[in-house]
Each structure stands twice: as C-alpha cells, then as structure tokens.
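Dear colleague,

Please find below the structure that I am handing over to you. My notes on it follow directly after.

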Amino acid sequence: MEPVAVVGIGCRFPGDAGSPDAFWDLLCAARNTTRPLPAERWRPYENHSPEYAAALRDAVRHGSFLNDIEGFDAEFFGLSPREAELMDPQQRILMETAWEALEHAGLPPHALAGTDAGVFVGVCTADYGGRLLEDLPQIEAWTGIGAATCAVANRISYSLDLRGPSMAVDTACSASLVALHLAAQSLRLGESDVALAGGVNLLVTPGQTLTLGTAGALAPDGRSKSFDAAADGYGRGEGCGVVVLKRLSDARRDGDRILALVIGSAVNQDGHTNGIMAPCGAAQEHVMTRACRQAGISPATVGYVEAHGTGTRLGDPLEAEALAAVYGTGRPPGDPCLIGSVKSNIGHLEGAAGIAGVIKAVLALDRGEIPPSVLTTPNPAISWETSGLRLVTERSAWPERGHPRRAGVSSFGYGGTVAHILLEQAPPPASEPPRASRVSQGQRLFPLSAASRTALRRYAGTLADRLDGLDVASVGHTLALRRSHLARRAVVIADGRGELAANLRRLAEDLPSEDVLTGDVLPDPGPGPVWVFSGQGCQWRGMGRELLATEPEFAALVDEVEPIFAEEIGFSPGRS
C-alpha cells in the first residue's frame, strides 16, 4: 500500500498559534492556553431574558479560545459582504486556513482549478448556523448555505474550483481524524490526486457547553489535564487545522517538501457499551492493532503516540490500558512508548481535535523532537512502571531506534466512532538538489503578489523577517512557481539575502526604490461583446465613422479612451 505524503500544513490554534512554527513554539514552551470566555460570545443569550441569564450563571466559562473569529477577507475570495456575514465563521476560517496550507505546501491554489482535488473536513458543531435559522424574520437566500454544515468543505471546493470529493464528516470528537482517513483512502483509490484534510471547531453559543457540563464531562476550570492526577473533565477549545496530502510517488515526482508520511489508518465503532458516550478499551485496542496491520509494521516500532487524553477520570486510565496492550508490549527493555496529548496545551478541539494531534505529531517527526505535555503529577490510577508507556514531561530528542521515526494518533468520538492514524518520518530527499539551488549567483527577480496593496506590503515585511537560514535561490523559485499570482504585484531585484531583505523592507514600508517595481493586474472582464478590428475579413473604409454615428456605446467608449491615446501619441486624433 503506497504511503501518503503530508506536504503542507495550515492552522489556527489558541494562543496566537496561527502558523506551524508558532504552534511548535507554543508546544515546546509547554504553554496552556486556557482563558476566560470572550465577553461578547454569550452576550445575546445573557441579555435575552432572566431565565437565560440564570441558566448561564453556573456554566463553565473558561476554555481555549481563538482571538478573532469574525475577521474575514471576503473580497479575497470573491464574496459579497452580505454573503460573508451569513456564513458560519467555521466556513470562513477553513477557507483561509486551506489557502495557507496550500501555500505552505508550495501548491499555487489557483493551479488546482478544474482538478480532482478532494476536501475532507471534520466538524461537529453548527452553533452559528442554528442561530441563523432560528432568526426567522431575517432569513434570506444566503441563509441556507451559510448555515449548512456541508459547506465547511464545499466552500473550499467551490472557491478554488476543485472537482474531487468534497465532504463534511461528523463523528464528534474523532471527526477530523476520520476525515484524514477518508482523504488517504481517496488518494489511494485514485479518486483524488491532491487532498485537503482537516477540521474546525468554534464555540459560538452556550448550548453544548451547558449540556456537557450537566453530563459532568467538563473540568470546572476549563483545563484538560491529560493523564494527570488532577484530571476532572476536559476543557473545550477552538481551532482549525488543515493538512495537504499527496501520494508519495506524486510528491516525489513534483519535488514537494515532504513533512511526514501517513502509512496506516483505521476507523471502528464501540458498539453497545454501558452508555453511548462511554469509552470502550477493546475497541481502542482493535483500531490501533488494525492500523498497524494495514501499515505492515510491528506496534513495538512506534516510538510515540499522540493520545486522545481528554483528562477525564474514566477515559484516561482506560486509554492508557489500551495503549499498553498494543504499544507497551514486546518492546526492548528501557524502550517505552512515549505518549502525550495536545489537549493539555490547547484544550479539546472536538471536531478539530484529531487534526491538532496529527499536526503536532507531523511537526515532531519532521523536527526529530517531542514536545512535553503540560502536567502536574502523572495519574496514579495508571500503572506507569509496568505499562511500557512513559509520559513526555519535557522537550526531548526523538530516540534513535534503527528504523524510521513512527507515531500514532488517536481520536475517539463520544458517539462511539474511534480512529487511529499511523505516521512515519519522511524519507530522505532526492540526492540531487532542487533546480533553484543550482542557479548561478547574481541579480535575481523575486515576484510577490497579494489581493491588496496593504496585504502585499505586509507579506513583504513577513518574508523579510523570515529570510535567515533560507536559500535565496529557493525562495525565488518558490515565489515564482509555487504561489498563485494575485492582482497586486511587485518584483524585488536583489543579488543576495541582505539586499533582498533590505528591498523587501522598503516595499513593506512603501519607500521608493529602483530595485522594487510594483503594479496591478487588471481584472478579467469575463465574457461579453467586444469590438474587434483585426485587419482581416469583411471591412470597409469608414466603418468606424459609421459606428460612431449609429452606436452610442461604441462612441462613448471611443471618447473614454481618446485622452489615453492623446497622451501616448502626443496629439488628439479626435473623431476624424
């Protein structure tokens, strides 16, 4: 079975982790992002009636929240302000994150138009959509698609003109891991040549928080204390993550940067347990074993598992027991399977929880390090000494074991759907350096573009700040061939990293420079009637004069362009 390559990442996670590098920094610093609920979130309900206010009074009001869920560049995606206003913000944030993931992969988003690229998104909340549909007097034509859960995936496919499978997946907390499983299957079956897999979760209304609190699932302080002695429920979180996937052979052919490989995956169901929301250790063991069998590897070769690890009294010991049965046995002495959970950093992202764990594991495989979980005291209900498992409590180098680094990622839905993904370290790159690295030294042209002049300047400043350690020729190659070229454009001329950084900062600060050229591309007018004077075909002397006299639109256009001709040729031709 051919592995699937992870070639790009986009993410928006709590704690200002809006990029893979920022997310990695948060993880390595062992930061916890729990904070009070943003004041404006539940205000419409608190002001609704005394009964609503009373119901909310004792609700859990801490969690891991994004700073901005309202901002959206509708014009960038060709959407009207009204249509964007009526879109679930989960749709908006996913569109932006998918674009960022493709750019991180070096795949120009516009180049995928008309291809069978697929989109697979995990989502299990529709808070905003429900609120839209309850406001009956305000319902209009855009309300339906703005509220529809399917549109979290379909919007991406529509905006980029992607023709492959496009689906939203809801298996609750395992949704985004199941979405990745389906994306990998689609690639292996040949349905898709590129796939976007991810998940999103935003906490817009209080209803789900209230029901989870009533069920005793939430920690009173809003923190997920994964595998901790203080575990007392989970903390809800917001976020979005997207990975770009290709078949390994295609990624190698295209010269893509490969971050990690998906070598196996499996999905199953708890079946009839002692409660539909109760976890089942046997089902967890089965899904992990099946994923290893599909990948053709021994579980003892897996060095790290990014566990579900919600931080509940029942769930954590049961999951540790299942992990020990699969990954903790048959290992050499002194070689435990390391485990951790990103929920201790950013809370439980529910529909996006699985993809958050995958992104953490991919970054760890790529960098050869494992970030720590945020921990006070390991849960004494887990037999750590005999389990063959060890919690990662400090930033650690990935142990060398004589085979590629391998990681598992688990995610369990509270309706019973269980998923497990197996990842492996990327293979060594081709021995021949990319063509960009072999370009001779000297002046080069570095093309940049954005949808607005402000965004172009911001992009230039960001790039200038990130040049350290980068091969300048590869930067030029990426800018020229692995980016969509948008309407606002600039070309920076430079012959080295220092000069490139200086000229990029001049562009960012809007300072004049002979080495920075800017301009705009006129928008495509689209199909419509045109006047063509080709010099061939049925024509006659004086036809233009006749059109001036008989066609008002033609005459008006001639009058509009006449000053431009006069400026260019030095005199006014008039209507002679």
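Two elements are said to be in contact when heavy atoms lie within 4.5 Å. Helices (H or I, at least four residues) and strands (E, at least two) are DSSP runs, numbered from the N terminus. This is a predicted model, in which local features need pLDDT of at least 70 and side-chain atom pairs count only at pLDDT 80 or more, while totals for chains, interfaces and linings use all residues. Residues are numbered from 1 along each chain as its sequence is written, and side-chain values use heavy atoms, with hydrogens and water left out.

I begin with helix H21. The buried residues of H21 pack against helix H20 (543-550). Those buried residues are Phe-554, Ala-555, Glu-562 and Ala-566; buried means under 20% relative accessible area, exposed over 50%, and partly exposed in between, with a 1.4 Å probe and protein chains only. After H21 comes Gly-570, with a positive phi near 90°.

Next, the sheet. It is an open sheet of 11 strands with mixed pairing, in the order E5-E4-E6-E7-E1-E8-E15-E14-E9-E10-E12. Two strands pair if DSSP finds at least two bridges between them. Strand E5 (166-169) and strand E12 (389-391) are the edge strands, each pairing on one side only. Neighbouring strands are turned by 25° against each other on average, direction ignored. Axes are lines fitted to C-alpha atoms, for helices over the stretch in contact, and angles run from 0 to 180 degrees between N-to-C directions. Strand E4 (residues 118-122) and strand E6 (residues 194-201) run parallel and are joined by five bridges. Within this pair, Val-121 stands opposite Gly-198 in E6.

Helix H8 (residues 151-160) packs on the sheet, where it touches E4, E5 and E6, and its direction makes about 160° with that of E5. Seven of the 10 residues of H8 are buried, so that the helix is mostly covered. Among the buried residues are Arg-155, Ile-156 and Leu-160. The partners against which they pack include helix H4 (81-85), helix H5 (89-105) and helix H7 (143-147). H8 is followed by Asp-161, which has a positive phi near 60°.

Helix H9 (residues 175-189) lies across several strands, including strand E1 (4-12) and strand E7 (239-247), and runs at about 170° to E6. H9 also packs with helix H15 (residues 353-367) at an angle of about 65°, with axes 5 Å apart. The two helices are therefore roughly perpendicular to each other, a term for angles of 65 to 115 degrees (under 35 is roughly parallel, over 145 roughly antiparallel and the rest oblique).

Finally, two loop residues deserve a note. Asp-16 is not a glycine, yet has a positive phi of about 60°; this residue is in the loop between E1 and helix H1 (20-28). Asp-16 counts as exposed because its relative accessibility is 60%. Glu-350 likewise has a positive phi, near 50°, but is buried, with a relative accessible area of 3%.

With kind regards
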